[in-house]
Amino acid sequence: MALSLPPCPPSLKTIQHFLKLATEHETRDPVISYWSRLTALQTGLTLDKSSNEALAVLLPLMDWLEKEKLDKQANEAITHEVVASAHVENYAMKLFLVADKQDRAANFGKNVVKCFYSAGILFDVMQTFGPLTPEVAHYRKYAKMKAAYIHNCLKNGETPIAGPLAEDDDNEDDHNEDDHNEDGEEPLEKHQENIPSVPYNPPSAPIHSPAPDMSSLAISDTSASSSVGLSYDKIARAQKLCKYAISALDYQDTNTAVENLTKALHLVKTGQELE
């Protein structure tokens with residue numbers, strides 16, 4: 001169901017990028033559209049829920065979300081947060097990998113900025129489901145920094161440096177994000193194109209430390225353990241940990257991959273999460 005909203009007042013400027021992303025995905029991916037708008041609503045209610053201008057945006061948005069959830073109650077990615085979180089994260093990582101592959105190949109252009117930027121917004125959306133894991137927080141920070149950096153280079157007629165940013169830049173998340181926008185969107189408008197629907201293969205360039213000694217891992221013999229009945233949430237959590245491991249291996253981050261696979265194995269065997 002299409003949604004038409006009036007322009008956001010100044011008090012709701014920071015939700016504009018969520019609403020724009022939702023509109024772009026209204027037919028392409030209704031799940032992304034739904035959770036982007038829900039994030040916009042939740043954020044907007046913390047900013048301004050009393051002015052007439054804000055209510056003119058927030059109330060129709062609230063009505064749309066209620067109707068959309070009712071209309072799509074058979075879609076678990078809308079009604080079940082665990083499934084939704086995995087869906088949003090997977091989509092964000094696809095965009096991230098598209099942009100990262102092109103960036104490492106020094107193929108700079110509008111779409112690289114767009115994909116990094118949209119991935120960063122979707123990692124923001126994931127905060128709707130709870131605190132971000134360290135891995136997701138890293139991707140979120142990197143995507144936003146890269147979007148700002150490449151955008152500024154293109155705007156100033158400079159050639160960006162391909163690949164990971166220098167370590168000094170990695171400590172300037174807020175500064176770099178503010179360089180290209182005040183409300184999270186408008187200066188990037190000139191560099192936005194359609195997001196590609198088919199992701200490229202994951203990049204292979206290493207950015208993390210080598211693998212730890214596998215002999216130090218204490219993984220017990222699976223044949224000695226009794227089977228444990230897992231709830232739907234715990235199965236989904238184990239799948240998510242495995243997905244984190246796969247994402248880490250895309251960047252040859254074997255430490256994080258081993259850590260997440262170990263957590264997934266422990267959860268499947270015992271029904272309990274490692275701290």
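Okay, let's start with Ser-85, which is buried, with a relative accessible area of 4%. By buried I mean under 20% relative accessible area, exposed is over 50%, and partly exposed is in between (1.4 Å probe, protein chains only). Keep in mind that this is a predicted model, where local features need pLDDT of at least 70, side-chain atom pairs count only at pLDDT 80 or more, and totals for chains, interfaces and linings use all residues. Residues are numbered from 1 along each chain as its sequence is written, and side-chain values use heavy atoms, with hydrogens and water left out.

So what does Ser-85 touch, leaving aside neighbours within four places in sequence? Met-126, Phe-129 and Lys-240 are in contact with Ser-85, contact being heavy atoms within 4.5 Å.

Ser-85 sits in helix α5, residues 81–104. Helices here are DSSP runs (H or I, at least four residues), numbered from the N terminus. α5 has 24 residues and reaches 34 Å from first C-alpha to last, close to the 34 Å expected at 1.5 Å a residue; that expected span is 1.5 Å times one less than the number of residues. Just past α5, Ala-106 has a positive phi of about 60°.

Now over to α3. On α3, the buried residues are Ala-54, Val-57, Leu-58, Leu-61, Trp-64, Leu-65 and Glu-68. Looking down the axis, they fall within an arc of 125°, so they line one face of the helix. That arc is taken from the directions from the helix axis to the C-beta atoms. They pack against α1 (16–24) and α2 (30–47). On the other side of α3, Asn-52, Glu-66, Leu-70 and Asp-71 are exposed.

Terms used. Helices (H or I, at least four residues) and strands (E, at least two) are DSSP runs, numbered from the N terminus.
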